Every structure is written in structure tokens, then in C-alpha cells.
Amino acid sequence: GKTVIGYLWSRVRYYKPWIVTSLVVPFVDREIFSAPGMSVISFDIPEDDVLSRYYFAAKSMGLDYVVRLTGDCPLVGLEELDAMISLCTGGYDYASNRHPVEWAPSGLDVEVFSFDALREAHFCTLHQGAAGLDREHVTSFMYRELRSCSYKPAYNYNPLAKMSIDTKEDYTRVVKVGQAVFAKYGISHTNSNVLDTYRELYAR
């Protein structure tokens with residue numbers, strides 16, 4: 001009975017209640033994407049310029065670090081957050097289980113970066129304009145140009161297990177896997193649980 005974002009939100013609040021969680025959306029989408037108890041930060045900024053929304057949201061909240069979880073990846077496991085946060089607080093500008101080296105399938109990726117890295121990415125890519133590649137994808141400048149670290153999880157990577165939602169077929173698959181994962185493991189399921197369930201349902 002929840003929206004995709006609402007499900008992700010409830011899992012973040014369960015697993016990491018200390019995280020200051022906000023949804024950063026285009027101004028016109030404020031009501032569409034909100035969920036009960038969620039802080040929604042919106043800016044009247046071109047839709048493609050996602051980097052600007054992240055920068056101004058983090059700046060307005062006085063954040064030192066940002067954990068990036070996207071609404072099209074509701075099944076992402078949060079068990080790897082502590083390790084990636086430690087990498088960033090230990091000196092890296094950016095840490096992820098998918099960039100720059102791909103250790104997790106699409107939809108199970110987590111990104112952590114410092115506000116300093118976000119600020120540098122924002123100002124160093126202004127010349128690209130609102131529709132620039134680095135403006136839309138937020139972190140590509142960081143893992144390409146700054147001190148980045150790829151976190152390798154313990155589970156085996158399965159490139160076929162696409163758990164991000166881009167199409168109707170993706171949505172159907174994610175809902176099917178998500179329902180099975182939730183029934184077996186509950187709201188605190190891990191990336192490993194998701195991959196095991198995917199293999200059980202699709203035998204690959």
C-alpha cells in the first residue's frame with residue numbers, strides 16, 4: 001500500500017533513524033513524491049540540473065556528508081552504509097559499491113560523498129549548462145575527478161539482477177522480488193537477500 005519512494009523512506013528510517021532524510025525534487029513534483037513524515041526540499045531549478053538541487057539542499061541543511069539513495073532503487077540494502085561513510089570520513093571524497101568500479105547491479109547501489117566534493121562538482125561543471133551530463137547524474141564528476149573509492153561487498157555480483165526502475169517491466173520485476181524479499185526477510189533486508197531472492201525467482 002506504499003509508493004516506491006514511501007517504501008524506501010520507511011526502510012531508511014528503520015535502518016538508520018539518525019540520518020537527516022530529505023527528498024530533493026523539482027518544484028512541480030513536490031506533492032507527487034512526498035510521503036508521510038518526509039521532509040521535502042524543492043527548488044525552482046531546471047529538471048535536468050539535479051546536481052544544483054543536491055548542492056542547494058545540502059547547503060541549506062548544513063550537511064557535512066550526503067548519502068545518496070534514489071527513488072528508482074527501493075530495494076537497495078543499507079547494510080553497506082557504515083563502511084562507505086567510514087571511507088568518506090577517513091579521507092575519500094566519494095565512496096560507492098558501483099562507481100568507479102561496478103561491484104553491485106543497478107538498483108542496489110549506494111553512494112556517499114562529502115559536501116566539499118558536492119560543492120566542487122557543482123562549481124566545476126557550471127559551464128556545462130543545466131542539461132550537462134555531470135549536472136544530470138550528480139556524482140559522475142566526483143568519481144571521475146576526485147578521490148573516490150569503490151567498496152567491494154561480500155556477496156557475488158550478478159549483472160543480470162537489475163533492480164532499478166526505468167520501465168514498466170522493471171517495475172513488475174522489482175515489485176515481485178520486493179514482495180518475496182519482504183515476506184522472507186522483513187524491512188531490514190540486505191542486498192545479499194535481494195540477490196538470493198532474484199536467483200530463486202528467475203533461476204539465473
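**Figure 1. Overview of the predicted model.** The protein exposes about 10,200 Å², and 55% of this area is supplied by carbon and sulfur atoms. Nine helices and six strands are present. Of the 204 residues in the protein, 47% are buried. Among contacts between residues at least 6 apart in sequence, 66% join residues at least 24 apart.

**Figure 2. Packing of helix α3 against helix α5.** Two packed helices are described by the angle between their axes and the distance between the axes. Helix α3 covers residues 50–61 and helix α5 covers residues 115–124. The angle between them is about 140 degrees, and their axes lie 10 Å apart. Angles over 145 degrees would count as roughly antiparallel and those from 65 to 115 as roughly perpendicular; α3 and α5 are therefore oblique to each other. The crossing of α3 past α5 is left-handed.

**Figure 3. Residues in the contact between α3 and α5.** From α3, the contact is made by Leu51, Ser52, Tyr54, Tyr55, Phe56, Ala58 and Lys59. From α5, the residues are Phe115, Leu118, Arg119, Ala121, His122 and Phe123. Sorted by class, the contact of α3 with α5 has nine nonpolar residues, two polar residues and two charged residues.

Figure 4. His122 has a relative accessible area of 4%. Buried means under 20% relative accessible area, so His122 is buried. Which residues does His122 contact, leaving aside its neighbours within four places in sequence? They are Leu51, Ser52, Tyr55, Phe56 and Arg135. Among these, Leu51, Ser52, Tyr55 and Phe56 are also residues of α3 in its contact with α5.

**Figure 5. The cis peptide bond between His99 and Pro100.** Where in the chain does Pro100 lie? Pro100 is in the loop between strand β4 (94–96) and strand β5 (111–114). The peptide bond leading from His99 to Pro100 is cis, and its omega is near -5 degrees.

**Figure 6. Val138 in the loop between α6 and α7.** This loop runs between helix α6 (133–137) and helix α7 (140–145). Val138 is not a glycine, although its phi is positive, at about 65 degrees. Is Val138 buried or exposed? With a relative accessible area of 0%, Val138 is buried.

Definitions and conventions. Residues are numbered from 1 along each chain as its sequence is written. This is a predicted model: local features need pLDDT of at least 70, side-chain atom pairs count only at pLDDT 80 or more; totals for chains, interfaces and linings use all residues. Side-chain values use heavy atoms; hydrogens and water are left out. Helices (H or I, at least four residues) and strands (E, at least two) are DSSP runs, numbered from the N terminus. Buried means under 20% relative accessible area, exposed over 50%, partly exposed in between (1.4 Å probe, protein chains only). Contact means heavy atoms within 4.5 Å. Accessible areas come from the Shrake-Rupley method with a 1.4 Å probe; for residues, only the protein chains shown count as cover. Axes are lines fitted to C-alpha atoms, for helices over the stretch in contact, and angles run from 0 to 180 degrees between N-to-C directions. Angles under 35 degrees count as roughly parallel, over 145 as roughly antiparallel, 65 to 115 as roughly perpendicular and the rest as oblique. A crossing is left-handed if the near helix is turned anticlockwise from the far one by less than a right angle, and right-handed if clockwise. Ala, Val, Leu, Ile, Met, Phe, Trp, Tyr, Cys and Pro count as nonpolar, Asp, Glu, Lys and Arg as charged, and the others, Gly among them, as polar.
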